[in-house]
Protein chains: 2
Amino acid sequence: MREIAIIGIGQTPVEEQWDKSLREIAGGAVFSALQDAGMEQVDGLFVGNMLSGILSQQENLGALTTDWVGLRNIEAFKVEAACGSGGSALRMAIMAVASGELESAVALGVEKMSETKGVDTTAALATAADADYEGAMGLSFVAINALVMQRYMHQYHWRHTDFAPFSINAHRNAMSNPYARLRESIDIKDYHKARMICSPINLLDASPTGDGAAAVVIVSADRFKRSGNGKPLVTIVGSASATDTLAVHDRKDPTWLDAAYRSTHQAYAQAGVSPEEIDFFELHDAFSIMSVLSLEATGFVERGQGPRLGLDGEIGLSGRIPITTRGGLKARGHPVGATGLYQVVEVVQQLRGEAGETQVANARVGMAQNIGGSGATIITHILRNQN
Amino acid sequence: MREIAIIGIGQTPVEEQWDKSLREIAGGAVFSALQDAGMEQVDGLFVGNMLSGILSQQENLGALTTDWVGLRNIEAFKVEAACGSGGSALRMAIMAVASGELESAVALGVEKMSETKGVDTTAALATAADADYEGAMGLSFVAINALVMQRYMHQYHWRHTDFAPFSINAHRNAMSNPYARLRESIDIKDYHKARMICSPINLLDASPTGDGAAAVVIVSADRFKRSGNGKPLVTIVGSASATDTLAVHDRKDPTWLDAAYRSTHQAYAQAGVSPEEIDFFELHDAFSIMSVLSLEATGFVERGQGPRLGLDGEIGLSGRIPITTRGGLKARGHPVGATGLYQVVEVVQQLRGEAGETQVANARVGMAQNIGGSGATIITHILRNQN
């Protein structure tokens, strides 16, 4: 595949942005990314978004965004794979530039969730699951994850408290991230005291939603090598995605993320790396159980032993595999269709050495993994600092 | 760009499919397309859909479809650009195969609109327009088109009756299409009698919605030339898309489809053809005014003179530019996110000589054009029979 570089990144704070419309939030990230790239024009725009039709009565976000940001007339589409929409938009942008049809593109993720005009957000989020076989049974998205976590704890003999390190780590890392929604540290006592949402998932096992947008500018690496923009050259060395059954009950083992295994190992092969060579991993910790399952399917720990990495301190900034280094979904926040691009922006920050107090030392290779539905669509990207 | 062939086509009838769920409708088209291609497996699936989140409480249609049709684990996403979603899904599939990331893909368009569970379909369709500046004014989608038509009639001195040939032609061509929703001929008297919807658009100026799905299987042409499947080789010789302002009032001239002009002329250049070499044109006749504007922007007639082509009989099967040869949106029906792929399936039927009573003689080069929003996103494909 044609070598592709990420040459610009932009993001807005994840928060309740009552004073900004959907297009204004999107524009915030796109303008920042273009400015960071030192570009005014690109050939295409791919928007990851899940809920704008339901919550903002607005579809056609490709044209909405190009119109608003002054990139009128360029090719633009919305890409949707539930909470994996952001990663999917990047995957599409990569294929568009790799095909030679476009020379440059913006991949944008945007979600506006606070202002719902009376729509039930829990029901809206349940559209990520199987409406006929899960939704119709009254299963919300958190309920599905609670069943998976319950099963995992039973199957591998873990206690609820063993999951605490994932939330504590995420909150600690978010403290210095100005874009994070929850910049407050938590400890094990807070975790034990947290209100139960859907047993065994309590409030501190779950990520907060929010309004936000993140964007990257990509170009062919050849072009960047010729002109440059004063930033380190960060290229995409692995890009892959896979699907699994939409409903969790259709899987042989509900505690195994097959689409994560498939897409990650394809990306490892493309990049020519093994898990040992990944310096940090922005995983999809929508719920703490998802951190565990992601670490297992990607080969960082054996099956059933995910909580061990947290308990042994291996997920911290100087651990074996630092995760959620800017706060993750848990503390940076989870504006669902935007999340996949927040992850990629954060990987670029680390690879450029722009991660401030949570900088991973000598970060050369980073991985981002975005999940849509209960593991139904999983998109994995591996990035490398080529300088 | 890598040369790409369409080697399989499939569609379901456009109708009210109360006995079928969204996934069953999608599956019907995918199974037919795979069977027509003589293939059991592809590398990716791109689903064009606009309204499933709002009307069926179901997002994540990529995983929904791969799961249902037995293509589990392959890469799959939903692509959305309002009523241009189907053409957008094909455009994405083309870029994916052109990039070399995938060797084969299904592009699917699917929409289930009859069963709305109490949601207002008119409001759902208005999400294609600008929610903040058009929707908030109470403008429905038909109202926006009515304003455009009114302006066009005033500006170029046409009467309402001058638009009748477009609807009459579409209904005539649908008579022999077993997949068409409205297989009933109409005449000028019916057109004059038709109930007014939003002046000057009457019932016979407007296309009916419906439930339906259409799909194509694409592969690199090289691969097809090696193996073949007994069908004529139909390749994609032009593929382009462009955007315009989301709201019509932001355009210099509301009666000019700039994104159609841009995407069509880019596709002409790729294909090395001029309008004279296009044997037939499946255009996006959601309303009769859109047929007129499409024919003008694509260069088949000068600006302001679109109705002339209808009045002079030039849009019929043996006319200068046959359009809506299988019934178009007006009579085949307009299941919004699926429409772009119905158009492409119909172009392939013509190029293969499989169009029955409405076969265009010696059809070698055909064009399909899909529109999302009021001309905000326009996707153009030119196909050629290479045998």
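Predicted model: local features only at pLDDT ≥ 70, side-chain atom pairs only at ≥ 80, totals over all residues.
The biggest contribution to the lining of the largest pocket is made by α5(A), with three residues. Here, helices (H or I, at least four residues) and strands (E, at least two) are DSSP runs, numbered from the N terminus. Residues are numbered from 1 along each chain as its sequence is written, chains are lettered from A and ligands numbered from 1 in the order in which they are written, and side-chain values use heavy atoms, with hydrogens and water left out.

Back to that pocket. A pocket is found on a 1 Å grid over the protein atoms alone, as an open set of points where a 1.4 Å probe fits, with protein on both sides within 12 Å along at least five of seven lines; its lining residues have an atom within 4 Å of a point. Grid points are joined across faces, edges and corners, and the volume is the space filled by probe spheres set on the points. Sorted by class, the lining has 15 nonpolar, seven polar and three charged residues. For this sorting, Ala, Val, Leu, Ile, Met, Phe, Trp, Tyr, Cys and Pro count as nonpolar, Asp, Glu, Lys and Arg as charged, and the others, Gly among them, as polar.

Chain B has a pocket to look at too. The second largest pocket comes to about 500 Å³, and 20 residues line it, those nearest its centre being B:V142, B:A206, B:S207, B:T209 and B:F287. Two or more lining residues come from each of α5 (121-125) and α6 (141-156) of chain B.

Next, the place where the chains meet. With contact taken as heavy atoms within 4.5 Å, 60 residues of chain A touch 60 residues of chain B. Together the chains bury about 4,700 Å², 49% of it on carbon and sulfur atoms; buried area is the accessible area (1.4 Å probe) that two parts lose on being put together, summed over both. Eight salt bridges run between chain A and chain B, each a side-chain nitrogen of Lys or Arg within 4 Å of a carboxyl oxygen of Asp or Glu. In one of them, A:D130 pairs with B:R23, and the closest N and O atoms are 2.5 Å apart. On the chain A side, the residues touching chain B divide into 26 nonpolar, 19 polar and 15 charged.

Over all chains, the structure holds 40 salt bridges. One joins A:K231 to A:D36, with 2.8 Å between the closest N and O atoms. That pair links distant parts of the chain, 195 residues apart: A:K231 sits in the loop between α9 (221-227) and β8, and A:D36 in helix α1 (residues 22-37).

The peptide bond between A:S199 and A:P200 is cis, with omega about 5°, and A:P200 lies in the loop between β5 (196-198) and β6 (201-202) of chain A. In chain B, a cis bond joins B:S199 to B:P200, with omega near 5°. Finally, A:A82 is not a glycine, yet has a positive phi of about 55°; A:A82 is found in the loop between β3 and α4 of chain A.
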